[in-house]
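Colleague: I would like to learn how to read a model like this one. Where do we start?

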Amino acid sequence: MSSSPLFKRIWKHKIFYLFMLPGIIWFLIFSYVPLYGVQVAFRDFNFSGGFTGSPWAGFKYFNQFFDYYQSADIIRNTIVISLMKLLIGFPMPILLAILLNEVRVIKFKKVVQTLSYLPYFVSWIVVVTLMQRLLTPYGGPVNDLLGLFGMEPIQFLNNTSWFYQIILGSDIWKNIGWNSIIYMAAVAGIDQQLYEAAKMDGAGRFRQIWHITLPGIRNIAVILFILSVGSLMSAGYEQLLLLNGPATAGIGSVLDVHVITSGISQGRLSYAAAVGLFQSLIALILIVTVNRIARKVSDVSLF
Amino acid sequence: MGKKGFRFASIMLAAVLMSGSLYGCSTSNSGQGSSSEGQDGEVVTLKVLHNWNGSSGADTDMTPITRLIEEKTGVRVEWEYTKGSEAEKVNQIFTTQDLPDIYTGPAWGGELDSIIKAAKEDQLVDLSDKLDKYPNLANLIAQENVPPALYEKAIDAYGGKKYLLFQNQPATDKDGIDWLYGFYVRKDLAEEVGVDPQSVKTKDDLYQLMKRIKDANLKAAGLPVIPFGGFHNGWAVGIGNNMFYPTEYLDSGNGELKYVFMDNAYDNYVLYYRKLISEGLLDPEAFTQTDPIAQEKIKQGRVAILAAHYPAILDASKDYVKANPGSDYVPVGPLERAGAEPDRPADLRIQGNNVTVIPKKSKNVEAALRLLDFLASDEGFLLTRYGIEGTHWEMKDGKPVAKQEFFDKFTEDATGKARKNEGIGIGFESISGQDRLNSLGSGDIWADQDRNAAMDFARQILRPNGTKIITAFSPGDVITKSPQWENLKPSMDKVGDAWKEAVYAKSDEAALKIINDLRGQLNKTGLPEAMQFVNEQLKGKEVVKFGMTN
C-alpha cells in the first residue's frame, strides 16, 4: 500500500486543505510552538538561563499564587465577569442574527449589519477613551442628557455600582455584530422550503423562528457555547485593564490582568507563567466537561 | 476556464493568507540596520535606550549637537525613547534579549531592581577594569559621589565588579534641583472664597479650603470647578502624606525602625483622602485619567487646587493664565510636616539621577565608553545642556549666557521642539555625568524670566528654612537586600494600589480592611524578618528620618 486512504482523500481535496494551511500554520507558530515556554512555570526564570536553562523550582510559583491573599478574589472576579458575559452576552448575537433575518428591506438590513460589525474593529483603548468622554460627570453627553431630566450627574466609570453594567454593555456593543456573522451564515443555510411549508401550515413569524430558525442554528450555537466556556477563566485582558480602576479593584481584578502585571510590570515571569498555566488547565477541564455534557444531552460536540 | 480561475483564485488567497500569518514572525527591526564596524576612523552607530516614560527627542536623529558629538567621539547615536512603564520596558529587553548598546533609566524602583538583577545574572559589561581609562566615568561611581545605601545596593554589590554608572547626581549642594512639590491653589479662586493661601497650615485648614471651594459652586467653561485634582494616574495628589508621617520608615522610639504602612499614621492618611473622595473634594477621575484629560481640565480653568511639582503646574496652566490674568496657581502653606520642628529645612531626596549600563550584547563597548566619557566631561555636560558654544551660547564674565536669537526662538516655541531639534534637552542630558548646572554652568539659561520669578516666589513661601539634601541611609534601599525580599516584594508592590483602593472604599471600615488585609500579607511574606535585617544593618548608621517628595 503506497499511501493511506487519508492522504488520498487529502490530495483529492487539496485546494480546500490549502485554504486551511494558513490557519494550521498560525496555530502551530502562535499556539503550539510557544508551549515549550510553559516550563518556565516550573523554573526560577533568570535572564542568563532563559526558558530552558533556568533552574527548576517545582511548584513554588503555584504555591505563591495560592498563598497570595487576593488569589481567591481574583479567581472569583474572573469567573463572575466571564459567567455574566457568557450567560448574557452569548445569546445576544443569536438574537441579532434572528432579528436581522426577519428584516425584509435588504438595504436597511445591510446598513444595520455593517454598523453592528464596526465596533469590533475599534480597539479597546479607543472604546474606553470614548466611554470616558461620553460618561464623565464633567460635561459628558450622557450626564448632560440626564441633567435635562433633572437628574444628578452619575459617576459611571470607576464606580462599583455601575461596573458590571459598563463591562457587559461595552463587551456586547463591541462584539455583537462580529459574533452574529456565523449565526447569520447558519440562518442563511436553512432550507427556505421549510419556511414556505411552515407558512402554508399557518405558522406566524414567531412560530417560524421557534420551530425552524432556532433548531437550524442549534448545532453551531452549541459548538460556540462549548468554546466560550473555555474562556470562563479569561474575562478579557484589554477591557479589564483599561476599565478597572482603584475604586472597582475589589470586583474588577481578574486573572488576565494579574498575569500581565506580575509578569511584565514586576518581572515575575515564572509566577505569571504558573498563573497562566493554571488558567489554561481550568479552561481545558471546563471544555472537556461541557463537551461531554453537550454530547450526552444534544449529540452535538466538538470532539 | 471557470474551474481554472477558481483554482488560481484559491491559490492566490491561500498565499495571501499565509504571507499574512508569517508576516508577524518577521523581525520588526530589519530596516534598522546599524553599522557596527567600529574600526578606526569609522563612525560607530550605537542604539541608546532612554528608559524614561514620556521622554522624547528631536524630530531627526541628526541635530547640530548630535553631529558635534559624532565628530568628537566617532559615535552616532540612535535614540529609543520609552513610551509606557519603565519597569516593563527593562524587563522586556532582558527577557527577549532585544538589547540596546547603552541603556539609561531611573535609579530607583522596579527599574533599578531589574538592572541589578541583570548585573547579577551576568548580562552587563563589567567596567571595573576599564574605568582607569575613563576618569570622568570613574568619578561618577566614586563612593563619595553616590548616596551610601544606593552605593551598597547597586554600585558596590558584585564582589568587586562594577556594572552601573550613576548619572545626574548633583555635584554640589548648589546643583540639587528642588522641584517644589506641593499644593497650589488658583489665586483668583482662593480670593473668591476669601482664603489667604498662606493661612492654610494644617490638614484641617486644607480640607476647609477645598470645602469652601466646593460649597461656592464655582463654574468654569460651564462646568463645576473641581476643588482638588492632579495629573495623569493620580500624580501627585498623594503628597499630603508628609502631614501624616515624616518618612517611609519611622523611628519607633526604641531605635527600631518600623515600616510606615504598618503604623496608625498610615490609617489616618488613608482616611483623610477617603474623606476627600467621598465628599467630592478630590476629583474621582484623578487616579484613572490620562494626561491629556488632566491637562484639558487645567487648561479650561476647572481645577482649583493641584498637587504636583511646580514646573508641571506652570506649564499646564500657562495658556489659561495668559488668557485670564490673575489666575496663576500659587503655593498653599507651607503645610505642617508630621514630627518636624517648625524651623526644619525641607529634607529633599534628589531625583533626576539615573543609572547607565552597557549590556554585554552591546556591539562596541569601547565606543560606548568613549561616548559616555566625553558626555560626562565638562565640555560634554555644557554641550548637552546649553548647546554649542558660540552658536547657542557664549561665555560672559566666566558664565554661560544664552544667545538672544536662540533664547527668543526657544521661548516662543511652547512645544519645546525647537530646543530639542537643536539637540538640547534630549536623551544626552541623562548621560552627561554629574549634574553641574549651577556649579559649572549658570542655571537654566533657557528659562524665561516670568517662570524664574514664579519659581523664586514659590521657593520663598515653601522653603522658609531652606533645604537639606538627604544623604543618610535609606531603609528602603537596605530592605531590598534582605533574604526575604523576593517573597516580600510582590506584597510591597501592592502598597500603592492598596492605598488607592482604600481611598475609594465605601466606608472607613472597608478602607481599613483593605489596608489590614495587605498588612497580613506583608507579615506572612516576611516583613517582620526583613525589618529585623534592616535594623541590624543600620545599627549605628545615620538613617533618613524625614523626607519630602522631590
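Modeller: Start with charge. Lys and Arg count as positive and Asp and Glu as negative, while His and the chain ends are not counted. A charge is placed at NZ of Lys, CZ of Arg, CG of Asp or CD of Glu. On that basis chain B has 64 positive and 79 negative side chains. The centres of the two sets lie 4 Å apart.

Colleague: What are the ground rules here?

Modeller: This is a predicted model, where local features need pLDDT of at least 70, side-chain atom pairs count only at pLDDT 80 or more, and totals for chains, interfaces and linings use all residues. Residues are numbered from 1 along each chain as its sequence is written, chains are lettered from A and ligands numbered from 1 in the order in which they are written, and side-chain values use heavy atoms, with hydrogens and water left out.

Colleague: What is the mean pLDDT of chain B?

Modeller: pLDDT is the predictor's confidence in each residue, from 0 to 100. Its mean over chain B is 90, and 92% of the residues reach 70 or more. For the complex, the predictor gives an ipTM of 0.87 and a pTM of 0.87.

Colleague: Where in chain B does pLDDT stay under 50?

Modeller: Where pLDDT is low, the predicted coordinates should not be read in detail. In chain B that applies to residues 16-39, where pLDDT stays under 50. The model has 25 contacts (heavy atoms within 4.5 Å) beyond four places in sequence for this stretch.

Colleague: How many helices and strands does chain B have?

Modeller: Both are DSSP runs, numbered from the N terminus: helices are H or I, at least four residues, and strands are E, at least two. Chain B has 21 helices and 17 strands. Its radius of gyration (over C-alpha atoms) is 26 Å, close to the 24 Å from the globule rule for 550 residues, so chain B is as compact as a globular protein of that length. The rule is 2.2 Å times the number of residues to the power 0.38. Along the principal axes, the C-alpha trace of chain B spans about 75 × 75 × 60 Å.

Colleague: How much of chain B is buried?

Modeller: Buried means under 20% relative accessible area, exposed over 50%, partly exposed in between, with a 1.4 Å probe and protein chains only. Of the 550 residues in chain B, 53% are buried. Take helix α6 of chain B, residues 148-155: six of its eight residues are buried, so the rest of the structure largely encloses this helix. Among them are B:Leu150, B:Tyr151 and B:Lys153. Their cover includes α4 (109-120), β4 (165-167) and α17 (475-478) of chain B.

Colleague: Which backbone angles deserve a look?

Modeller: Most residues other than glycine have a negative phi, and most peptide bonds are trans. A:Asn158 has a positive phi of about 60°. This residue sits in the loop between α9 (141-148) and α10 (160-188) of chain A. B:Asp397 also has a positive phi, near 50°, in the loop between β15 (393-396) and β16 (399-402) of chain B.

Colleague: Is each of these two buried or exposed?

Modeller: A:Asn158 is buried at 10% relative accessibility, whereas B:Asp397 is exposed at 82%.
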